[in-house]
Amino acid sequence: SMFITAPGSKGGASGGGKASLTHPELIDWGLCGEMAAIAAAKNGAQVSLIEPNERLGKKINITGKGRCNVTNDTDLEGLMAHIPRNGRFLYSALSRFTSRDTMAFFEGCGVPLKVERGDRVFPVSDSAFDITDALKRQVKTLGVRWLHDRAASVETADGRVTAVTGEKETYPADAVIVATGGMSYPGTGSTGDGYRIAATLGHTIVEPRGSLVPLVSNDDCCRHMQGLSLKNVELTVYNGKNKLVFREFGEMLFTHYGVSGPVLLSASSYAAKKLKKAPLTLMIDLKPALSMEQLDARILRDFEAEKNKQFKNALNHLYPSKLIPVIIRRSGIEPDKQVNAVTREERRRLAEVTKHFTLTLTGLRGFNE
């Protein structure tokens with residue numbers, strides 16, 4: 001989004017002291033733009049929102065599976081610990097407006113909040129629309145004007161902002177805040193316009209990389225297991241030198257192109273830069289609660305209970321059905337072999353595959369995901 005003031009305001013973008021803003025404009029694709037508009041209006045500015053979407057807050061309404069994970073109820077250091085790359089860049093902003101400030105803001109707007117597992121904060125109603133409705137009420141109450149347009153460029157003269165040109169008209173201005181969002185989920189309006197506009201104004205743009213996106217694998221087993229969701233597994237990502245990149249416990253999903261699910265989305269933040277250089281290895285521990293010895297004892301108990309069955313038919317208590325053919329193939333055990341003939345070494349290989357199920361990660365899915 002962009003926040004701009006009309007010519008004639010005192011101070012402007014580069015003026016000293018507190019600016020006296022007369023007619024700021026804001027080009028908005030998400031929460032940051034609306035919050036900037038509200039803050040500017042509360043400080044005495046006459047503000048407009050220039051919004052290309054048919055409604056405000058389109059992206060907010062799809063966050064948290066439609067429930068809107070507003071923030072996390074933790075302190076600054078708790079937030080910083082979970083920012084994968086260059087978190088210090090955000091330190092100043094998060095110090096000035098903490099997660100507690102965020103909670104107080106929305107509760108002050110009439111949205112009761114609750115804290116769930118992992119300190120995640122949601123509206124009590126479990127509806128993201130309550131968050132966007134609260135923002136709309138604030139925008140309206142503060143007299144912010146909404147203009148339906150898309151910014152094309154920021155005009156300047158003598159080193160100062162003079163206007164923002166949209167697809168419909170040009171809006172005079174002498175100060176601008178660019179807050180368009182990045183490139184994630186272009187269907188919501190985040191199409192990278194802000195990068196282009198900032199580059200035109202002379203800023204250096206680092207090539208954007210996807211974060212919180214599914215990961216691509218060239219292993220054909222992913223396609224065979226697409227749709228299979230695994231819960232309570234431990235995922236570890238290594239680089240080619242067996243150096244740890246990421247490790248976390250949780251849920252994952254196999255897809256036709258690779259892997260997805262909550263833990264893999266988190267892993268993508270850490271893996272993105274490294275995947276530009278070389279493939280990575282994903283190791284899945286399918287039974288993280290069991291040691292190798294405990295798993296072998298479990299396998300032995302299952303085999304004793306199924307001793308008259310073939311190996312391929314004796315694994316239903318250990319693995320989901322979609323996973324069984326892949327496990328059999330990787331274990332190297334003859335599928336038609338009688339369970340009571342499976343050797344200790346073969347059991348060890350089965351346990352090894354179960355505790356160290358590996359895939360090669362080759363890339364990231366696109367910004368649409």
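Is Val259 buried or exposed, and at what relative accessibility? Select Val259: at 0% relative accessibility, this residue counts as buried, where buried means under 20% relative accessible area, exposed over 50% and partly exposed in between, with a 1.4 Å probe and protein chains only.

The model is predicted, with local features requiring pLDDT of at least 70 and side-chain atom pairs counted only at pLDDT 80 or more, while totals for chains, interfaces and linings use all residues. Residues are numbered from 1 along each chain as its sequence is written, and side-chain values use heavy atoms, with hydrogens and water left out.

**The whole chain**

Display the protein chain as a cartoon; its secondary structure comes to 11 helices and 17 strands. Helices (H or I, at least four residues) and strands (E, at least two) are DSSP runs, numbered from the N terminus. Of the 369 residues in the protein chain, 43% are buried. Among contacts between residues at least 6 apart in sequence, 64% join residues at least 24 apart; contact means heavy atoms within 4.5 Å.

**Around Val259**

Return to Val259, which lies in strand 15 (residues 258–260). Leaving out residues up to four places away in sequence, Val259 touches Pro214, Leu215, Cys222, Met252, Leu253, Phe254, Leu264, Leu282, Leu359 and Leu361. For Leu361, 102 residues apart from Val259 along the chain, the C-alpha separation is 8.8 Å.

Next, select Arg347, placed in helix 11 (residues 344–355). Arg347 counts as buried, at 10% relative accessibility. Apart from neighbours within four places in sequence, its contacts are Asp296, Ile299, Leu300, Phe303 and Val342.

Axes are lines fitted to C-alpha atoms, for helices over the stretch in contact, and angles run from 0 to 180 degrees between N-to-C directions. The crossing of helix 9 and helix 11 is right-handed: a crossing is right-handed if the near helix is turned clockwise from the far one by less than a right angle, and left-handed if anticlockwise.

To see the contact, show Met292, Leu295, Asp296, Ile299, Leu300 and Phe303 of helix 9 against Arg347, Arg348, Leu350, Ala351, Glu352, Thr354 and Lys355 of helix 11. These residues divide into 7 nonpolar, 1 polar and 5 charged, with Ala, Val, Leu, Ile, Met, Phe, Trp, Tyr, Cys and Pro counted as nonpolar, Asp, Glu, Lys and Arg as charged, and the others, Gly among them, as polar.

**Helix 1 and helix 5**

Move to helix 1 (residues 31–42) and helix 5 (residues 128–141), whose axes come within 10 Å and cross at roughly 30°. Helix 1 and helix 5 are therefore roughly parallel to each other, and helix 1 passes helix 5 in a left-handed crossing. Leu31, Glu34, Met35, Ile38 and Lys42 of helix 1 make the contact with Leu135, Lys136, Gln138 and Val139 of helix 5. The residues of this contact comprise 5 nonpolar, 1 polar and 3 charged.

**Cysteines and a loop residue**

Select Cys32, which at 56% relative accessibility counts as exposed, and then Cys68, which at 6% counts as buried. The structure holds 0 disulfides, a disulfide being a pair of cysteine sulfur atoms within 2.5 Å.

Finish at Thr74, in the loop between strand 4 (71–72) and helix 2 (76–80). Thr74 is buried, with a relative accessible area of 18%. Beyond residues up to four places away in sequence, Thr74 touches Leu79, Ser99 and Arg100.

Notes: Angles under 35 degrees count as roughly parallel, over 145 as roughly antiparallel, 65 to 115 as roughly perpendicular and the rest as oblique.
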